[in-house]
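Biologist: I'd like to learn how to read a structure like this one. Could you walk me through it, feature by feature?

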Amino acid sequence: MSGLETHLRARRAAGAKLLVPYVTGGYPGWQDAVRAAAANGADAIEIGLPFSDPVMDGPVIQEASEVALRAGATPVSILDEARTLDVEIPLTVMCYYNTVFRAGHERFAEQLVAAGIAGAIVPDLPLEESGPWCVAADGAGIETVMLAAPTAPDERLPRVCERARGFVYSVGLLGVTGERDALASTAAALAVRLKAVTDKPVLIGVGVSNAEQAREACRVADGVVQGASVMRRMLADGPDAVGAYVAEVRAAIDGRS
Amino acid sequence: MSLMAEPSPDGRFGEFGGRFVPETLIPACYELEAAFREAWADTAFRAELDALLKDYAGRPSILTECHNLGAKLGFRVLLKREDLNHTGSHKINNVLGQALLAKHMGKRRLVAETGAGQHGVATATAAALLGLECKVYMGAVDVQRQALNVFRMQLLGAEVEPVQSGSRTLKDAVNEAMRDWVATVETSHYCLGSVMGPHPYPWMVREFHRVIGDEAREQCRALLGTDPDVVTACVGGGSNAIGIFSGFVDTDAELVGVEPAGGAAVGRGIPGVVHGMKSYLMQDEYGQVLEAESISAGLDYPGVGPEHSHLHSIGRARYEAVSDAEVIEAFQLLAGTEGIIPALESAHAIAWLVRAAPELAGKTVLVNLSGRGDKDVGQMMEVLGR
């Protein structure tokens, strides 16, 4: 399998908008949810490694994380299970920095490689603190996605994009993960600012809440990350509902609905 | 770097500290650092804060020698009486500083976490005084055990939000306050209650509490003609301890932080990263943060301020842990011998005096009595089965 950025660039070059669903690793049935998402049009998938103190996550992903942790999930058990997924698209992890730091930068990067993971998203690791992890990740061939926030001044965005591998995660709003009634005005504004300074794929995530909002986001961005809207369906109805939802978003951003 | 000076530009005390927050908050951290730096160097701001500390909070707090307790334990015991400040603890020093700074920065709203409720009450107080909105996050468990402080905050005009996630104590209140701040960063200031969090908080909060150590040092020299042999304080996040340590770090005094046995981050922790900082942290082998367990809601925290981790790692301060049972004894001991009811948090430092009496014989020990125990009387009635 090719790397994350290579794959996303190729899809974009072929005219596709990019869809990256998020699934909380270790939540009962999570592997089936990943397979269902892959089978229904995901371009890559984020696997959340649950953390005890997820400060960037709203109630839905907090709940999924707590359930996974109570079920005994650990980063090691989830990566072991990820190894056997056998899907044809790149996988990344979404994890908080203490998970990385506790394992050790090099060791964690090796664990990801061994599990067939292509990238990592670490939402509480800003540019200033990213150095030691990025050195280890680059060395192991793990692509570290950087987040860019609506609050960032113009001078910061090129530096964030420069450091980003895989894609640039354009944070859609001021706030934590979770569904909102409408796409925030900040979402398009930041994506436009990012597209002006980088050629890397720019995906909007956080607060992109349904197929219609995904389509709206894709007017300016290269694609979307879908987290809480996926996991709400997973919590309520399980992996099949995840597959159906991914298919619905896929159709919307492809202009087929 | 001289001890307890400004941290490095990336917010490090030795290897600890830093700015481990989501990108969204990074500009706010820079803005706050610049605003604090400017205000702290501005004589007008300092005069405004000093006036509030004196005429509103009641500073300077007095130094009390405990003759009865001293006779019983076999060494001189001095208390720095932060319990006598307005709102009942040292927390007001930091809160007045941050609220004033927030106002200078044009923020309209304060967000705070609280454990026992002392920081929440102090923040609600400053918000009422300075005309700011205030929202306080408090773990649902703590809302139960500190009902009086919840009502106090509401009376002061603050909205108190019980936090139902995780261990439903201080750690989770911090998570929820940070989530609020991520969403409201343009109009709200996060009034963090301890020497923790991302840079510049550990440094800024220390500077706001430095007044404790500065006053105590002068008071000790006036009383003793010299410095005390030992300076001690309880440590949860560690703000009252940092405040008093800062006055004595360059003396020969031994510095002792006292943690609860169920929340001994320095004693039992391993370096980790949570709540914006790298510091000692109670965590499992995968980096999941463990739940602290202490009788004292204010110390019920699995982490500790990064400067304490640094002072420990270089050996300038030592950290001891006392059990809930020892704390309950100490709470009654100070009340019975000196007529002073300490906060359960502060009673940790007293508990250590009792335990360490043999090694302290003949010495002079300064204790930061960080808060008063009114808030804990209901809980102690239950504990003591009265």
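This is a predicted model: local features need pLDDT of at least 70, side-chain atom pairs count only at pLDDT 80 or more; totals for chains, interfaces and linings use all residues.

Biologist: At roughly what angle do the axes of α4 and α9 of chain B cross?

Modeller: Roughly 135°, with the axes of α4 (residues 91-104) and α9 (residues 201-224) of chain B coming within 8 Å.

Biologist: Which residues of α4(B) and α9(B) meet?

Modeller: From α4(B) you have B:Asn93, B:Asn94 and B:Gly97. On the α9(B) side they meet B:Val205, B:Phe208, B:His209, B:Val211 and B:Ile212. Sorted by class, this contact has 4 nonpolar and 4 polar residues, and no charged ones.

Biologist: Now a single residue. Is B:His90 buried or exposed?

Modeller: The idea is to count neighbours: 20 or more other C-beta atoms within 10 Å makes a residue buried. B:His90 has 34 C-beta neighbours inside 10 Å, so B:His90 counts as buried. You'll find B:His90 in the loop between β4 (76-81) and α4 of chain B.

Biologist: What is B:His90 in contact with, leaving aside its neighbours within four places in sequence?

Modeller: Its partners include B:Glu82, B:Asn85, B:Asn240, B:Gly243, B:Ser370 and B:Gly371. B:His209 and B:Ile212 are on that list too, and both belong to the α9(B) side of the helix contact.

Biologist: How about strands? How do β11 and β12 of chain B run?

Modeller: In a regular strand the side chains alternate between the two faces of the sheet. As for the pairing here, β11 (residues 270-274) and β12 (residues 276-281) of chain B run antiparallel, joined by 5 bridges. They form a hairpin with 1 residue between them. That turn residue, B:His275, has a positive phi of about 55°. Across the pair, B:Val274 stands opposite B:Met277.

Biologist: Last one: how many residues does each chain bring to the contact between A and B?

Modeller: The size of an interface is often given as the accessible area lost when the parts come together. Counting residues instead, chain A brings 30 and chain B brings 28. On the chain A side, α3 (59-70), α5 (97-103) and β5 (143-148) each give two or more residues. α5(A) gives the most, with 5 residues. By class, the chain A side divides into 18 nonpolar, 7 polar and 5 charged residues.

Methods: Residues are numbered from 1 along each chain as its sequence is written. Chains are lettered from A and ligands numbered from 1 in the order in which they are written. Two residues are in contact if their C-beta atoms, placed from the backbone, lie within 7 Å. Helices (H or I, at least four residues) and strands (E, at least two) are DSSP runs, numbered from the N terminus. Ala, Val, Leu, Ile, Met, Phe, Trp, Tyr, Cys and Pro count as nonpolar, Asp, Glu, Lys and Arg as charged, and the others, Gly among them, as polar. Two strands pair if DSSP finds at least two bridges between them. Axes are lines fitted to C-alpha atoms, for helices over the stretch in contact, and angles run from 0 to 180 degrees between N-to-C directions. A residue is buried if 20 or more other C-beta atoms lie within 10 Å of its own, exposed if 12 or fewer, and partly exposed in between; C-beta atoms are placed from the backbone.
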